[in-house]
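Q: Could you take me through one part of this model up close? I would like to look at the surroundings of the ligand and then at a helix.

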Amino acid sequence: MPATSMEELVSLCKRRGFIFQGSEIYGGLQGFYDYGPLGVELKNNIKAAWWRTNVYERDDMEGLDASIIMHRMVLRHSGHEATFSDPMVDNKKNGKRYRLDHLVKDQKADVQAKVAELMGADPENFAALVAALNANSAQASQALKDAGVRDPFSGEVGDWTEPRPFNMMFKTTIGPVADDDSYGYLRPETAQGIFTNFKNVVDSTSRRLPFGIAQIGKAFRNEITPRNFIFRVRELEQMEIEFFCTPGTDEEWHEHWLEQRLKWWEAQGVPRSKIEILDVPKEDLAHYSKRTYDLMYDYPTLGHEEIEGIANRTDFDLGSHTKAQGELGIQARVDENLDSVAKLTIPHPETNKPVVPFVIEPSAGVDRAMLAVLSEAFTKETLENGSERIVLKLRPHLAPIKVAVIPLARNREEITSVARAIKAELQGLGLGRVLYEDSGNIGKAYRRHDEVGTPFCVTVDFDTVGKGEDPNLTDTVTVRDRDTLGQERVKISELSGWIRERLR
Ligand SMILES: Nc1ncnc2c1ncn2[C@@H]1O[C@H](COP(=O)(O)OP(=O)(O)OP(=O)(O)O)[C@@H](O)[C@H]1O
């Protein structure tokens, strides 16, 4: 059974070294997390699985790793300077600041209903209520106060300001002179690096439509209220594809990608039955989107929240970043661009005339993926002897440690030397991390490896080295299976093949 509460996951992650609070020894920095020894392995394995499926196993994809700090013109013409903002309100009593929709969502149902009534909005349609609050800021401030909206920090009814937009991009100065023009932004999504490199990739690979560019990397959003562990952070990582296709084929590709992405989540142990597909209502679509499917995973404690967005971005992005906009028959409504020096077109596959392609974008968060994968793998079992064990039933390709090799006696050279040789051999298979584990007694080692999801523990004992009771067991080891708890005696000479077959 998956995790039932976020607390269980937070506690496991800290206890076993998956995730730590960022800058913890100085009191922590809200919205920033550090990935520990096992967290970095799990994260790398998730990213590798995504890259394998979306780049290596397809013939219509290229990879990219663009820089994080971008020219301000990129984020101006992408629309982020003007629109990448969330409405916020302050409580004048204590100066606390909240994202408007989060504040209202966290209120009791009767308070929420009262806000809706005062705004003349439908209480059943949360998005419409938030839109009404945004559109009428003076009335909104009064409604929040009159409805008795409480400050989550103080628990008291707040003295709320009017909602106003807060741009979530991190700005930074570039170079030694901090004048008005020497600034750039930390990218709020990896996508823009793909659009600005479109021509470079096309020219250097000779790609024709349809094809995609995939990228995994950090993105930064100065979230007003970062919360729920790694679900909403200010420094995040994204796995994004921009799939370029001929206008008119976009809707078909959108469906294709929805299906592909659901399949991929399933292969990571996140079943379809736990993901709701939200066909985002027109009024909630981002400025660039014609249609978006949000994949809403059922997170413990949080309920259904977005794990991935799959958007039809039309020709908005390339149309916004291209020069000579007037000549290209761009369909999206774009602002004039007199700064770009590149024409972002590709030959139409049928007419050969230059066309600005449409874009389908599957965009998944690595941190949210990690939380979902951990949540699904988390299992509490009661064993036959009545004791409880926690086990992470991660898919083997995601497990941070693939095999732990345990010498039964850590100061008997004849045992440790065999264990070390086995570790070296298994490590050489290139399956991922193999750990030489001599940190404690065997029972504790098994418990620890259950909790971190190690699929197999290999134990080297006295029988292995011909000093046990059964001479038939010489040159064999015990392999313990994480999920079944079964133990099997395997010949050392056959161990690599045995492990490789099961971890493939
Ligand atoms: N602050 C964040 N922390 C962690 N992951 C995030 C964050 N913002 C976005 N993501 C991830 O990046 C993906 C694509 O970003 P997108 O802009 O579509 O998110 P969003 O719609 O702004 O998310 P939300 O509505 O939850 O703020 C999301 O599906 C999510 O997995």
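**Around the ligand**

A: Happy to! Keep in mind that this is a predicted model. Let's start with β14, which gives the largest share of the shell around the ligand, four residues. The shell counts 16 residues, and those that come nearest to the ligand are Leu-236, Gly-309, Ser-363, Gly-365 and Arg-368. Two or more shell residues come from each of these elements: β11 (235–245), β14 (303–314), β17 (358–365) and α13 (366–377).

Now for the wider setting. UniProt, in an unreviewed entry, places the feature "domain: Aminoacyl-transfer RNA synthetases class-II family profile" at residues 8–396. Over that stretch, the chain is 32% helix and 26% strand, with the end C-alpha atoms 22 Å apart. The protein chain is also divided into domain 1 (6–63 + 188–374), domain 2 (85–167) and domain 3 (387–503). Between domain 2 and domain 3, the C-alpha centres lie 56 Å apart.

Next, the helix: α11 covers residues 250–267. Its 18 residues, at 1.5 Å a residue, should span 26 Å, and this agrees with its end C-alpha atoms, which are 26 Å apart. Buried in α11 are Asp-250, His-254, Trp-257, Arg-261, Trp-264 and Trp-265. Looking down the axis of α11, you find these buried residues within an arc of 95°, so they line one face of the helix. On the face turned away from that buried side, α11 carries the exposed residues Glu-252, Glu-255, Glu-259 and Lys-263.

Note on methods: Residues numbered from 1 in each chain as written. Predicted model: local features only at pLDDT ≥ 70, side-chain atom pairs only at ≥ 80, totals over all residues. UniProt positions renumbered as here; feature names shortened; annotations may be inferred. Near = placed C-beta within 6 Å. Domains from an automatic or database assignment. Expected span 1.5 Å × (residues − 1). Buried ≥ 20, exposed ≤ 12 C-beta atoms within 10 Å, placed from the backbone. Arc of directions from axis to C-beta.
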